[in-house]
Amino acid sequence: MVQDHPLLFLIWLMPLFGAVILWAFGPQLKSMAGPIGSALIGVPFIAALTMWSEATTGAGAHQALFSWLPQFTFGLQLDRISLVWTMIITGVGFLIHVYSIGYMAGDKAFARFFAYLNFFIFAMLTLVLSDNFVGLLVGWGLVGLASYLLIGYYFERPAAVAASRKAFVINVVGDIGILYAVFVIVAKIGAIGYGDVFSHVSKFSSGELFAVCLGLFIGCAAKSAQVPLHTWLPDAMEGPTPVSALIHAATMVTAGVYLIARCAPLWNASSDARVLVGSIGALTALTGAILGCAQWDIKRILAYSTMSQIGYMIMGVGVGAYDAGILHFLTHAFFKAQLFLGAGIIIHNLANQQDVRLMGGLRKQMPFAFAAMTIGVLSICGIPGFSGFFSKDAVLSGTLAHGHPVMWAVGVLTAGLTAYYMFRMLFVTFLGVYRGNVDPSELGLRHPELAGTAVAHADEDEHAHVDAHAPAWLMSGPVALLMIPTVLIGWLDAGGDGSPWGRFFEPVFGAFVPAASTPPDVLTSLIVLMLVAAGITVAYMRYGNPAALLDAIPRLRAETVRMPSALTHAFYFDAAIDALFVRPSIALGGFFSRVIDPHVIDAGVREAGISANWLGHLFRSFQTGLVRAYALALAFGAACFALYYVWIGAGR
Amino acid sequence: MIGFVVLALLMIASAIFTVTAKKPVYSVVGLLVNFIALAITYLTLHAEFLAVIQIVVYSGAILILFVFVIALLSSGTKPFEPGPNRMPRAVIPAVIFGVAGFAAIVVAISKTVFAPAVIAGATGDANVFGSVADFGTALFTTNLLPFEVTAFVLMVAIVGVVLLAGDEAPGRRAPKRIAREPISPPREPIAR
Amino acid sequence: MNAPVEAYIIVAAILFFIGVVGVIARRNPLIQLMSIELLFNSANLALVTFARSWANNAGHVFAFLVITVAAAEAAIGLAIVVIVFRKTTFVDVDEVATLKG
């Protein structure tokens, strides 16, 4: 009999409680909403910590919820995979809550923000703590809703509203994929619990298994912004920066990675699915990196880099290197959150100006932000010693060890590109001279080729700066705290195959023995280092060296003007989706509205009424009022009865 | 057999005359002949009491009632002016239905086997079938409840008639009478 | 009995349908009521015939009750006719089609 762990209820429900309280009593709580919301995330973090030992023994800690149908039992579970995700969600979530108290200070709907953030944490916990596919799907949908609410937080901006709608619709496409997979699972196996499903994987035929994996992966692709369902992520940067940090960098977009890691038995059994997932992951990594080189909005650069890094994670868990993929998730959560929060400090201090061309020289004005961003950039590029180094190499060497050299090559190339564009961002933002006072047209802004990149938001001020600023420690504290794991957490995987990280996940995924012909991991590390060095060098030559810095304004302008339109239009994905799906849908809707609705549906309803009318007139013609007519009808009926009984008969 | 044939022809002829006579008084006379022929038929069927009741009640009371009403309705006016027939040629379907029903009955009869019972004893003796004593016993013992209820029905009829048609003060000068309406124009088509 | 049972029943049936045609084909309500009396009598004839055929009194009793109720019904029917046509110059059922709808 599985033992219950009621503490899981606390972990799961406390953020929901917070969301409800903050949403209901927001206006009364005013600025107390921030600390309350943060505390209600901090407590689950500590609770999850205390459950460490229970979570890591055997099949983890379990708490049954309810049983709806005999095979459909719902419950919570905290095992090794869930534990990693829960710690990140609540831990990084807590830090971002504290940061938001400073960032969103003075905002007129302060409590609403924290209510939505708490709700998001609850939804994400539902996703990772469920022990069955349907609970996962519920959490999946709820995080989509939370994302919609938070991207559209500044709902008076039409761009934000459009972006939140786009994110939601694309996520729904993913939901359909997962729903289909759940249908196949229930049809074949008849149960929804992970344990039940994974112990009966052999019941699927290979075609069905691929269909299930494909359905699940469509959900992952939508949620984790993989090609071709990635177009919502750059637009999602319309939300406040803490939202981008928490949802669109650290946690929600990694739900796809969680799903694949959780369903490892399914993926282990289907090599076609593995090839598909790995290829899409590699392709996304490369696409995100290429597009990141063309962005001028600091948040969009980070958005594309998120897309690219998640491509790495998906590639890692897709090919079977599960612990490598999860490690990259872990390190990415920290350094991406740090990058976003650092960018948030910059944006906050520059009154919502986000275009890097109008920045420059901030190293002297905001040294703390510079330090934070630099550490984050060093980590993401995979500089040895920083956490990203360990995780990225783990993913790449894992890919090679599982026998996918092409994906490995793409990943290695992407690492070089990542270094280039991250350092480009760093140099353009922090080095040189501050360009905020320069006339924007000198830098090429508001140029016709600009469609697709963000225009500066400097003319809109979302924060009503009524009171004095919140203390700076609220924002710099979390960022400072994040620096530690950004640098150090990768060391968990030091030590090759016997590393603590590898041993931690061995009970879940098993030990993998690579083929004898696999090149050693050191080869991967060396090649990546070479490409990273090359990328940094190119970035330095173009943006960082003193000659380039002196010449910054004309160079930036030239780059803006000469940017290929394929890059400014993000490889025309948006245009393609618009032409293939949006316009036909609108046309179909118009057709229904102009033709079907008035002439078929309304006509049917009208005709129903008219035919009732006609029938009434018909029956009215029977009511002559003449007694003789009624008597004739009686005679007719009597004759019919008589004939019936004689010829057709009643008995006899 | 001859007697039956004569009676049957009489009944049918008088019925047809009743239904087709021009004036109601002629119909009453026709009906009278029909009732008398029917009473004699009852006599041949060992239903003596009923034959007498038929003559006394039916011909003697109900037909007189009809005559009185004919008189009442025709007082002081040109009686029974024929107007336009709103259901011309309604006879045709009526006859068709009648013939159909009749055919059904004939077929039913042809499929039935009748075995009339033998009646022992002289007509009119007490406790022989059809005698008054026999009928009285049946009416007042086995069928007492229907008898009482029928009495109630008759009372209701009396009360009803008094309520409905009483209360007309006599002796006033003749009131203006409503004339017949012209035939109304055809109804409007269904509005679309 | 003078004739087979079938003969009596056929005569009753003929009388019945003459009555039906009378109700439908005549416009004078009094003649209609008289046709209805024909219907009652044909039913009575059938009842009495079968009573004789099975030597059962119930037929006689039933016929007796039918006569009684027919009397009551005729009375009420005639009262209605009197009321409806008291104030009119015509006695024609087709003219009082006030329930026409």
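In the predicted model, A:Ala337 is in contact (C-beta atoms, placed from the backbone, within 7 Å) with A:Val92, A:Ile96, A:Ala245, A:Ala249, A:Ala250 and A:Leu482, neighbours within four places in sequence being left aside. A:Ala337, together with A:Phe120 and A:Met124, has the most contacts inside the largest nonpolar core, which numbers 202 residues. Such a core is a set of buried Ala, Val, Leu, Ile, Met, Phe, Trp, Tyr and Cys residues joined through C-beta atoms within 7 Å; buried denotes 20 or more other C-beta atoms within 10 Å of a residue's own, again placed from the backbone. Another core, of 71 residues, lies apart from it and includes B:Leu45, B:Ile53, B:Val69 and B:Ala90.

Residues are numbered from 1 along each chain as its sequence is written, and chains are lettered from A in the order in which they are written, with ligands numbered from 1 likewise. As the model is predicted, local features need pLDDT of at least 70 and side-chain atom pairs count only at pLDDT 80 or more, whereas totals for chains, interfaces and linings use all residues.

Chain A has 652 residues, of which 51% count as buried. Its secondary structure comprises 29 helices and two strands, taken as DSSP runs (H or I, at least four residues; E, at least two) and numbered from the N terminus. Of the contacts in chain A between residues at least 6 apart in sequence, 81% join residues at least 24 apart.

Between chains C and B, 67 residues of chain C are in contact with 74 residues of chain B. The largest share of this side of chain C, 20 residues, comes from α3(C).

Terms used. A residue is buried if 20 or more other C-beta atoms lie within 10 Å of its own, exposed if 12 or fewer, and partly exposed in between; C-beta atoms are placed from the backbone. Two residues are in contact if their C-beta atoms, placed from the backbone, lie within 7 Å.
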